[in-house]
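Trainee: I am new to this structure. Please pick one part and take me through it closely.

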Amino acid sequence: MAIKERLSGNEAVANAMRQINPDVMPAYPITPSTEIPQYFTTFVSNGQVDTVFVPVESEHSAMSACIGSEAAGARTITATSSAGLALMWEVLNVAASDRLPICLALVNRALSGPININCDHSDAMGARNTGWIQLFAENNQEAYDNMVQAYRIAEHPDVMLPIIVCQDGFITSHAVENITLLEDQVVKDFVGEYEPEHYLLKDGESIAYGPYAVTNYVMEARRAQMQGLRNAKQVCIDIGKEFGQISGREYGLFEEYRMEDAEYAMVIMGSAAGTAKDAVDALRDKGVKAGILKIRLFRPFPAEEIAEALKDVKYLAIMDRTEDFETNCGPLGSEIKSALFNKNLRPLTLNYCYGLGGRDVTVESLTSVFEDLFEVEKTGDLGEVYRYLSVRE
Amino acid sequence: MAYNLKQTLNKEERLAPGHRMCAGCGATIAVRNVLRGLHEEDEAVITCATSCLEVSSFMYPYTSWKDSFIHDAFENAGATCAGVESAYKALKKKGKIKGTRKFIAFGGDGGTYDIGFQSLSGAMERNHDMVYVCYDNEAYMNTGIQRSSATPMYADTTTTPVGTVSDGKPQNRKDLAQVIAAHNIPYVGQTTLVNNFRDIHVKSEKAIYTPGAAFLNVLAPCPRGWRYEMADILELCKLAVDTCFWPLFEVIEGEWIVNYIPKKKLPIEDFLRPQGRFKHLFKPGKEHLIADIQAGVDQRWEELLKRAK
């Protein structure tokens with residue numbers, strides 16, 4: 001029997017972690033993810049999990065301890081936000097190249113500066129090319145569901161790569177919503193035991209991690225690592241289906257909302273997708289063929305599938321909740337345009353930077369994006385292709 | 001059991017030859033002696049900071065290490081080893097591992113005194129059951145002999161080059177063993193390659209088999225950086241000890257013990273003279289610099305003796 005609960009996103013994720021019962025959790029507090037290790041250590045203190053908690057002295061050490069622990073054969077988890085992920089950046093690369101399926105709960109928060117504790121995706125985007133799988137969530141339910149599926153994707157023998165499970169700081173991490181939890185045993189059976197093939201502590205064999213590699217070997221190592229990440233796409237689809245069988249909530253690479261005959265589409269990621277759906281509903285009521293493509297799997301980037309889903313769209317808005325300082329586009333803008341280019345698709349496309357540092361994203365502001373698309377249709381002129389939403393200029 | 005050099009050297013090597021460390025390097029001698037502190041029936045997991053030792057002993061697809069080994073990055077051997085040890089606790093509790101494992105981290109003075117200092121301090125304070133071994137060759141040798149906080153005053157390095165207005169490194173060296181002792185961990189030892197390796201052997205075994213965190217600081221001369229005759233390494237270590245430049249001591253559960261008081265404390269010149277990095281101190285008019293070094297050595301030695309009373 002599923003369990004009806006009212007939980008914040010942080011509580012939901014911490015409860016998924018409790019049900020997973022990982023072996024080791026090194027963590028360092030940072031707003032807005034602090035509550036995750038707080039809730040979790042309460043589970044540790046009350047004997048509800050067997051996990052060894054390591055109260056490290058920094059996020060760099062948190063990820064370093066994760067690497068040591070996971071290489072030693074222990075299922076290892078951590079949580080962080082913003083500057084914490086940035087401080088880990090060096091060793092995020094090491095974790096991926098060592099093929100260690102560590103799980104990291106990321107509560108998205110703006111990077112400094114100016115220092116700000118609220119939501120945007122600059123932390124996740126800063127780590128997007130470190131070799132980690134990245135999943136995004138719209139609401140507390142998805143944050144919980146993604147966490148339950150995370151190890152199944154990361155530990156898959158075709159993948160063996162670390163995974164970041166994102167949710168939006170404060171917007172979902174601290175807001176309480178009705179959600180449905182799976183029973184503990186159902187989660188345990190779904191996630192299963194971690195039985196890696198080789199590890200530092202394995203009886204009867206020794207192994208060495210982290211070699212110095214000369215020019216002769218680096219390209220082959222990277223190629224093999226890229227293949228593992230590429231494989232994560234199909235595994236993500238398969239696990240999303242299997243999760244549907246135990247929960248009634250099936251997941252794919254992305255969600256298509258009212259996209260069946262859409263001529264105007266918005267691509268968006270994270271909590272603002274919920275707001276965008278309201279905007280689309282209102283437009284649909286007026287007879288406008290509008291839809292939303294909400295990205296769930298951001299790394300590996302499902303370029304072909306996204307291009308296929310957008311093939312009949314005439315006017316497209318791509319929403320980036322980060323300023324990438326590329327100056328012509330954000331990361332989603334760049335990658336989706338590249339995906340469309342490879343399929344010879346040329347919808348008239350605007351790219352927006354929005355919601356930085358927790359700036360409000362409303363039905364009205366997202367409706368104004370569709371209105372911009374109508375203007376493009378009317379004039380046939382794109383104007384500025386990279387725009388800021390709700391900014392005082 | 002009494003120390004027996006022959007018996008100890010006959011133990012199976014845990015660091016295979018064929019690695020690419022320099023001839024006359026103190027680090028490999030230190031590592032082999034630390035590993036001899038392990039009981040033969042026990043396995044270890046070795047963590048290594050990025051260093052000469054790491055890049056020379058584990059070049060894909062070859063490794064010199066008999067035990068399981070992990071290199072993560074430069075500044076995080078303490079935290080990485082702490083992670084391995086935590087995994088051991090977790091998996092042992094679940095009955096997933098049968099044998100006993102010991103946890104030893106190696107770092108040079110760069111990876112230990114400087115860039116890895118926070119990670120080391122955290123691991124020591126949390127009292128993980130591990131030994132952190134610093135092979136201290138008193139500069140960043142892997143990148144080409146740049147000064148570190150372990151470089152002694154007036155040493156000539158590539159970032160404190162001796163010049164017309166410079167006499168080498170202007171600052172004192174950091175006393176890391178004392179800093180780590182202030183973490184109130186069960187065992188701290190300072191040693192080097194003297195006395196038929198008895199001192200390093202005894203301290204390694206103690207450090208490895210003391211429950212909780214232990215720290216060993218091993219003076220490990222570097223022929224490239226110190227510029228001495230390769231064959232003279234053991235003589236140089238002995239001079240470091242007999243001049244009281246590098247005292248041998250332990251801090252066991254907070255109690256300071258000086259392991260060796262030279263019958264005749266030698267002047268610091270005896271340690272400095274054989275080394276090219278101090279050559280400029282022996283030019284006319286630089287006597288006051290040697291006097292400075294001597295005063296610093298004397299002061300720290302007296303403080304140590306007081307602390308050990």
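Mentor: Helices (H or I, at least four residues) and strands (E, at least two) are DSSP runs, numbered from the N terminus. The model is predicted, so local features need pLDDT of at least 70, side-chain atom pairs count only at pLDDT 80 or more, and totals for chains, interfaces and linings use all residues. Residues are numbered from 1 along each chain as its sequence is written, while chains are lettered from A and ligands numbered from 1 in the order written.

Let us take helix H1 of chain A, residues 9-20. Eleven of its twelve residues are buried (20 or more other C-beta atoms, placed from the backbone, within 10 Å of their own; 12 or fewer is exposed, in between partly exposed). H1(A) is therefore largely enclosed by the rest of the structure. Among the buried residues are A:Glu11, A:Asn15 and A:Gln19.

Its partner is helix H6 of chain A, residues 140-154. The two axes, lines fitted to C-alpha atoms over the stretch in contact, lie 8 Å apart. Their angle is about 25 degrees, so H1(A) runs roughly parallel to H6(A) (under 35 degrees). From H1(A), the contact (C-beta atoms within 7 Å) includes A:Ala12, A:Ala16 and A:Ile20. From H6(A), it includes A:Ala143, A:Met147 and A:Tyr151.

Just after H1(A), A:Asn21 takes a positive phi of about 55 degrees. Most residues other than glycine have a negative phi. Chain A has another case in A:Met160, with phi near 50 degrees. A:Met160 sits in the loop between H6 and strand E7 (163-168). A:Met160 is partly exposed, with 19 other C-beta atoms within 10 Å. In chain B, B:Tyr154 has a positive phi of about 70 degrees. That residue lies in the loop between strand E4 (131-136) and helix H7 (176-181).

How values were computed
Axes are lines fitted to C-alpha atoms, for helices over the stretch in contact, and angles run from 0 to 180 degrees between N-to-C directions. Angles under 35 degrees count as roughly parallel, over 145 as roughly antiparallel, 65 to 115 as roughly perpendicular and the rest as oblique. Two residues are in contact if their C-beta atoms, placed from the backbone, lie within 7 Å.
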